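Subject: Structure handover

Hello,

Here is the structure for your files. My notes on it follow below.

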Amino acid sequence: MEENSTTNYRKPLQWGEFDPNRRKNMFVGMWAWMWQRISAIAIVFLLALHVTLTYKPWLQFLLLLAVTFHATLGLRVILLDFNLVNVKYQRALIWGLTGLGLVVMALIWRSIY
Amino acid sequence: MSTGQGGKRRIEIYRYDPVEGGDGHFDHFDLQIEDETNTTILDVLLRLQKEQDSSLAFRYACRVNMCGSCGMVINGREGLACKTNVSDFSKNLTITIRPLNHFPVVKDLVVDMGPFFKSFENTLPFFEPKEIKEEPEIIRPDSRERQAIGLATECIACGCCVSSCTMANYHEDYAGPAPLNRAFTLLMDSRDSLFDPRMEKVLESCYNCRTEFNCTEVCPKDISCTRAIKYIQRLAVKEPFKAVPATNTVVSTASVPQPAVDHIHEQERVSSGIITSPAVAKATEQEDMGRRKFLTKLTFGIGAASTLAVGGVLASAFIGPTDKKPSLWVPAGKLENFPVGKISTVNLRYEEKTAFYRQQIVKPILIWRQPNENKIVVYNTACTHLGCTVHWDETQHLFLCACHGGAFDIEGIVKAGPPPRPLDQLAFRMDSGNLLIEMA
């Protein structure tokens, strides 16, 4: 019977396709990856605004926030890439470095304003 | 010991019929489960197949997390059906079962693992000894090499990691976490002779890894493929700097008399292009040596040049500016032009010379001609906080800085905001009615 030949396979399911519980159950490492990309786009956009609008405190704050996020998650990737931290700490690094980054950001914000 | 925690569970299973075709759909089943802590998803599937729908198709073999046949996506996370218990999911939650991602679906939960094993083959997942020895060549369990490889050899090729990797979504040629993990165990093996061809194949796709760790989270054997891929990337960086020439496989194996079986394999390997003839191998080895030496020299050369450049600049900064530039006196206009008792803003235009660089500068300054003693104070408009230009606000009678809200009174003393010290004053002198300001 030629009906059931290999030509009748369904094309591969993609990540998230036909998968009602996928996004609810995303691992935190994947969130970190996504926030890294989102903050990168946010930085490009906010930087363009920052150059044209001189004094808007909310704009500076958002830019600083985006840079902090991108920097801390980027530092995490660097630490893991060069094996400076064991991969078993990858989840802890997300929370630890982001917390540290937010503290540093608060200090910077206070000292400027 | 059954504690009787059971009840009815809703199960949704993805169905695809190759005869019908289409996209597939979910079928809903209800199952009464006696003890959820003792029931795996595989048990659930077997019961459904036996009691409710005998057309349900799925793979399994060993039932004890060893073979890797029953990999599927359960409630959004990959895993082995025989390893996942129903009690892992909170009470009354519907269990959704669906096949692995990124492989063609044959029927229901069965996927075609052909592409998976093809990408395995692409990374040369077999061991070739450097020399034929009579005694087993031992790698000690406490050696650095063996510890670096660690658990990576435990891979059961279940396909969960490739299914969970979002990069496999977007890159057709990405080898995938499991094949790269297998390549890693062999690349790290010092007894193996196929380091270079394998490295070449692996480097084509290992940079697609974005360090998401999805593979590490879902692996039923707790292997971290991300770690393996990062290791490979680091090996690739060290490659051009290795002092030892590339191992020449053909020279070593050709000179040793081989039994007939190995000869046949060598023919296959020669025809598949993995090992070249002795003459060409020698020539490429010379090229490799030349390339390595060149790259090493280039890197150290650039490193030395940049160190010298940066070091030179730092050193000159320490020594400091040895020659004092003569100060520039810029005319600001006639004294009569500045009204008494008021603040005037003047744009000074002059040419600044720094080493080889000349620049036309237009700099605003503020001149306060005091009413009582006929004195003049010249203020620099640079705010003492971060250098923004201050302007004089007549209504508030303050110098205001727009950047961060700094304010100075008419004497330059800080009245509000972040500036740390009073407004700077510039030196000036009178020359027959003309006011001259000293600019550094």
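Helices (H or I, at least four residues) and strands (E, at least two) are DSSP runs, numbered from the N terminus. On that basis the elements of chain A run α-α-α from the N terminus on, with three helices and zero strands.

This is a predicted model, in which local features need pLDDT of at least 70 and side-chain atom pairs count only at pLDDT 80 or more, while totals for chains, interfaces and linings use all residues. Residues are numbered from 1 along each chain as its sequence is written, and chains are lettered from A and ligands numbered from 1 in the order in which they are written.

Of the 113 residues of chain A, 18% count as buried (20 or more other C-beta atoms within 10 Å of the residue's own, with C-beta atoms placed from the backbone).

Helix α1 (residues 28–52) and helix α3 (residues 90–112) of chain A have axes that come within 9 Å and cross at roughly 50° (axes are lines fitted to C-alpha atoms, for helices over the stretch in contact, and angles run from 0 to 180 degrees between N-to-C directions). Val28(A), Gly29(A) and Ala32(A) of α1(A) make the contact with Gln90(A), Arg91(A) and Ile94(A) of α3(A) (contact: C-beta atoms, placed from the backbone, within 7 Å).

As for the other chain, 31 residues of chain A are in contact with 37 residues of chain B. On the chain A side, the elements that give two or more residues are α1, α2 (57–81) and α3.

Regards

Key: Contact = placed C-beta atoms within 7 Å. Buried ≥ 20, exposed ≤ 12 C-beta atoms within 10 Å, placed from the backbone.
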